Amino acid sequence: MTPLLQAEGLTRRYRDVTALDDVSLRLGAGERVAVVGESGSGKSTLARLLLALDTPDAGTVALDGRPVRPGSARSLRWFRRRVQTVPQDPGRSFNPRMRVGQAVAEPLACLRVHGDHTARVAELLVAVGLEPDAATRWPHEFSGGQRQRLAIARALAPRPDVLLADEPVSALDVVVRLQVVELLAQVSAAEGLALLVVSHDLGVVQHLCDRVLVLEAGRVVEQGPVPQVFGAPAHPVTAGLLDAVPTLEAVAP
């Protein structure tokens, strides 16, 4: 599979600390890949480099073969249209003084996407399981799970090719986690999105992803298809994560 998003040999140091050490990653069109590890393993550093929010000390990032580097909002507009993020904390990801419709449409305005923004917002709200009239309400009127649905709608607004979900359900309770995981699976399949999930929760990864990379101390210590890695973990870190994280169970309607 030809990589859509590709990182080669990424290294990032902060003074005497090596946060990421020679990490490579390939994400194909429509593929679902997870990056997992304990706190401090380098997951967030990798995500920032992939999103052109930080500059590596070594290595490269490319989207469809085009180099990606930190730069001005204008120079990265092409990249932001194609790569969007779902944040970790839905409670902090919305401006409390901005109505939901305006917030969901914000990427369309910032990225200068043409078309009927109001119609696109209504379409997105329905796609994530909310009513179109949610556009007129304020973020505080929604539960945590609903706000994460809104965050997914906002990320989908410019019709990206890649969705990077950074700990997308860690701030939610178990029942709502499963609902959001299922929504991510549905929208990624419906839109043909490549999905990169950054998480410490292997239960989420097992339900959502095809392939997984395990980080420890900034290095990839294990990778492969999810059933293979989770079924017979070859590294103690992977085994520890599997033992420590509760498994998501199906919830009766």
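This is a predicted model: local features need pLDDT of at least 70, side-chain atom pairs count only at pLDDT 80 or more; totals for chains, interfaces and linings use all residues.
**Notebook: salt bridges**

Entry on Glu123. I looked up the partner of Glu123 and found a salt bridge between its side chain and that of Arg159, with an N to O distance of 3.9 Å. Glu123 sits in helix 4 (residues 117-127), while Arg159 belongs to the loop between helix 5 (144-156) and strand 7 (162-166), and the pair, 36 residues apart, links distant parts of the chain. I noted a relative accessibility of 40% for Glu123, which therefore counts as partly exposed.

Entry on Arg137 and Glu141. I recorded a salt bridge between these two residues, with 3.6 Å between the closest N and O atoms. Glu141 has a relative accessible area of 36% and is partly exposed, and Arg137, at 30% relative accessibility, also counts as partly exposed.

Entry on Arg177. I then turned to Arg177, which forms a salt bridge with Asp201, the closest N and O atoms lying 3.1 Å apart. Because Arg177 lies in helix 6 (residues 174-191) and Asp201 in the loop between strand 8 (194-199) and helix 7 (202-208), the pair ties together parts that are 24 residues apart in sequence. I checked the accessibility of Asp201 as well: at 5% relative accessibility, Asp201 counts as buried, since the cut-off for buried is under 20%.

Entry on a network. Finally, I noted that salt bridges join Arg12, Asp54 and Asp57 in a network.

Definitions and conventions: Residues are numbered from 1 along each chain as its sequence is written. Side-chain values use heavy atoms; hydrogens and water are left out. A salt bridge is a side-chain nitrogen of Lys or Arg within 4 Å of a carboxyl oxygen of Asp or Glu. Helices (H or I, at least four residues) and strands (E, at least two) are DSSP runs, numbered from the N terminus. Buried means under 20% relative accessible area, exposed over 50%, partly exposed in between (1.4 Å probe, protein chains only).
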